[in-house]
Amino acid sequence: MIPKVVQVVAGSDFTVYAYFLDGSIRLLDAKPLLEKGGVFAPLQDEETFRNCLTVLNDAVAWDLDGTRDPCTCIDLDPCELYDHCPAVEDPLRETI
């Protein structure tokens with residue numbers, strides 16, 4: 001089974017909560033990616049990081065130009081996130 005991201009929520013300090021179709025939630029600390037620069041350089045701006053975060057093609061993605069074109073977005077492999085990011089409780093549960 002290939003894991004599918006169905007929702008994303010930006011956390012504090014460049015983190016992302018990725019909600020998967022199987023009900024699990026993984027916490028991505030994106031700081032190591034941002035430190036690499038390159039394609040990730042635009043995401044070093046916290047407002048861009050938070051406001052452009054979305055789900056495209058069942059993956060965590062950032063739609064930098066607002067076109068929802070998968071060819072111009074920055075996306076992360078959902079298999080990598082599922083396998084390497086820690087499972088966490090739903091951060092939104094407390095606010096419901």
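Mentor: In this predicted model, β1 and strand β2 (residues 15-20) are paired through 5 bridges in the antiparallel sense. Within that pairing, valine 9 has tyrosine 17 of β2 opposite it. On to the next pair: β2 and β3 also run antiparallel, and 5 bridges join them. There, threonine 15 has aspartate 29 in β3 as its bridge partner.

Taken together, the 3 strands make an open sheet with the order β1-β2-β3 and antiparallel pairing. β1 (5-10) and β3 (25-29) are the edge strands; each has a single partner strand, so one side of each lacks a neighbour in the sheet. On average, and ignoring direction, neighbouring strands of this sheet are turned by 25 degrees against each other.

Serine 24 is placed in the loop between β2 and β3. Is serine 24 buried or exposed? Its relative accessibility is 15%, so serine 24 counts as buried, the cut-off for buried being under 20%. The side chain of serine 24 makes a polar contact of 2.7 Å with the side chain of aspartate 22. A polar contact of 3.5 Å links the side chain of serine 24 to that of arginine 26. Leaving aside residues up to four places away in sequence, serine 24 touches Ala18, Tyr19 and Tyr82.

The structure holds 3 aromatic pairs. In one of them, phenylalanine 14 and phenylalanine 49 are edge-to-face, at 5.1 Å centre to centre with 75 degrees between the planes. Phenylalanine 14 lies in the loop between β1 and β2, while phenylalanine 49 belongs to helix α2 (residues 46-51), so this pair ties together parts that are 35 residues apart in sequence. Both phenylalanine 14 and phenylalanine 49 are buried. Phenylalanine 20 and tyrosine 82 have ring centres 5.1 Å apart and planes at 80 degrees, so that pair is edge-to-face. Because phenylalanine 20 lies in strand β2 and tyrosine 82 in helix α3 (residues 78-84), the pair ties together parts 62 residues apart in sequence. Phenylalanine 20 counts as buried, at 4% relative accessibility. Phe14, Phe49 and Trp62 form one aromatic cluster.

What does valine 60 touch, not counting residues up to four places away in sequence? The list for valine 60 is Val5, Val8, Val16, Ala18, Leu53, Thr54, Ile74, Asp75, Leu76 and Leu81.

Next comes the loop between β4 (53-56) and β5, where asparagine 57 lies. Asparagine 57 has a positive phi near 50 degrees, in a residue other than glycine. With 55% relative accessibility, asparagine 57 counts as exposed. Aspartate 58 lies in the loop between β4 and β5 too. Although not a glycine, aspartate 58 has a positive phi of about 65 degrees. Aspartate 58 is partly exposed, at a relative accessible area of 36%.

Last, back to helix α3, the helix of tyrosine 82. Aspartate 83 has its place in helix α3. Aspartate 83 is exposed, with a relative accessible area of 57%.

Methods:
Residues numbered from 1 in each chain as written. Predicted model: local features only at pLDDT ≥ 70, side-chain atom pairs only at ≥ 80, totals over all residues. Heavy atoms only, no water. Pairing = 2+ DSSP bridges. Helix = DSSP H or I, 4+ residues; strand = E, 2+ residues; numbered from the N terminus. Axes fitted to C-alpha atoms, helices over the stretch in contact; angles between N-to-C directions. Contact = heavy atoms within 4.5 Å. Buried < 20%, exposed > 50% of the residue type's maximum accessible area, 1.4 Å probe, protein only. Polar contact = N/O pair within 3.5 Å; in protein donor to acceptor, adjacent residues only side chain to side chain. Phe/Tyr/Trp six-rings, centres within 6.5 Å; stacked < 30°, edge-to-face > 60°.
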